[in-house]
Amino acid sequence: MSIVLSPSLLAADMGHLAQELQTLEERGIKALHIDVMDGNFVPNIAFGPDQIKMLRPLTTMKFDVHLMIVKPERYIQTFADAGADAITVHPEACTHLHRTLQIIKATGKTVGVSLNPATPIEVLEYMYELVDRILLMTVNPGYGGQKNIEAMNKKIEQLAAVKEANNYSFEIQVDGGINKENIKAVITAGARNIVIGSALLQRGKTEENIADYQNIIRSIQL
Ligand SMILES: O=C(CO)[C@H](O)[C@H](O)COP(=O)(O)O
């Protein structure tokens, strides 16, 4: 079973960023989740293309860029040029989701779509074949360190059932409040790419945490 662990940059120690990225890479992490927040779609502000551009030469990890911004189509090329490998947008923030997904596709980056907890998966009914990744938010987006909404496990199962029934190729990603206690439940429900911020990037404990998550993942029988 292949599970991707995607540490969230939001929880990184900004004073020692280069070192943090090196630790992640040395421990086998292949993807870094980068939350972009505009203070409008979500109440918080975080990261822009200039920071991503500066980080790009520091690591070979894939940059998985989650755009929590209104009208993301305005910035997709900018983030692609800055070094994103994967770009994810919210239907709740797009006027024309299909067009926005086509714009991402045209950049050659992988195409992701993310749903807030209150948004049902049915909004994606005609989009499933266009996307490489569906990110189910397991908290309301905007802040790291929030409590996981357990009811989202049912939504993960529902999406996994749609994927299985139709043989779709998209990856199911989850983000928000994932920790050592609940990671097994989200994977059992069907998630295969797990974003973790505050319960992974902890100064002095990051290496131990990664080993713990890798062990938990290895122990899961599906
Ligand atoms: O995108 C988020 C909030 O908008 C996530 O919650 C964040 O990336 C992960 O942080 P944590 O694991 O601490 O919940």
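Biologist: Why is His-33 called buried?
Modeller: Keep in mind that the model is predicted. His-33 has 28 other C-beta atoms within 10 Å, and the label needs 20 or more, so His-33 counts as buried.

Biologist: Where is His-33 found, and which residues is it in contact with?
Modeller: His-33 is found in strand β2, residues 31–38. Leaving aside neighbours within four places in sequence, its contacts are Ser-6, Pro-7, Ser-8, Leu-9, Asp-64, His-66 and Val-195.

Biologist: Which residues does the "binding site" annotation cover?
Modeller: In the unreviewed UniProt entry, that annotation covers His-33, Asp-35, His-66 and Asp-175.

Biologist: How do you know that they gather at one spot?
Modeller: They span 143 residues in sequence, but no two of their C-alpha atoms are more than 10.5 Å apart, so they do gather at one spot.

Biologist: And Asp-175, what makes it buried?
Modeller: Asp-175 has 28 other C-beta atoms within 10 Å. The cut-off is 20 or more, so Asp-175 is buried. Asp-175 is found in strand β8, residues 171–175, and touches Leu-135, Met-137, Thr-138 and Val-195, not counting residues up to four places away in sequence.

Biologist: Which residues come nearest to the ligand?
Modeller: Of the 21 residues around the ligand, those are Ser-8, Pro-141, Gly-144, Gly-197 and Ser-198. The elements giving two or more residues to that shell are β2 and β9 (193–196).

Biologist: How do the shell residues divide?
Modeller: Into nine nonpolar, ten polar and two charged.

Methods: Residues are numbered from 1 along each chain as its sequence is written. This is a predicted model: local features need pLDDT of at least 70, side-chain atom pairs count only at pLDDT 80 or more; totals for chains, interfaces and linings use all residues. UniProt positions are given in the numbering used here, feature names are shortened, and annotations may be inferred rather than shown by experiment. Helices (H or I, at least four residues) and strands (E, at least two) are DSSP runs, numbered from the N terminus. A residue is buried if 20 or more other C-beta atoms lie within 10 Å of its own, exposed if 12 or fewer, and partly exposed in between; C-beta atoms are placed from the backbone. Two residues are in contact if their C-beta atoms, placed from the backbone, lie within 7 Å. A residue is near a molecule or strand if its C-beta atom, placed from the backbone, lies within 6 Å of it. Ala, Val, Leu, Ile, Met, Phe, Trp, Tyr, Cys and Pro count as nonpolar, Asp, Glu, Lys and Arg as charged, and the others, Gly among them, as polar.
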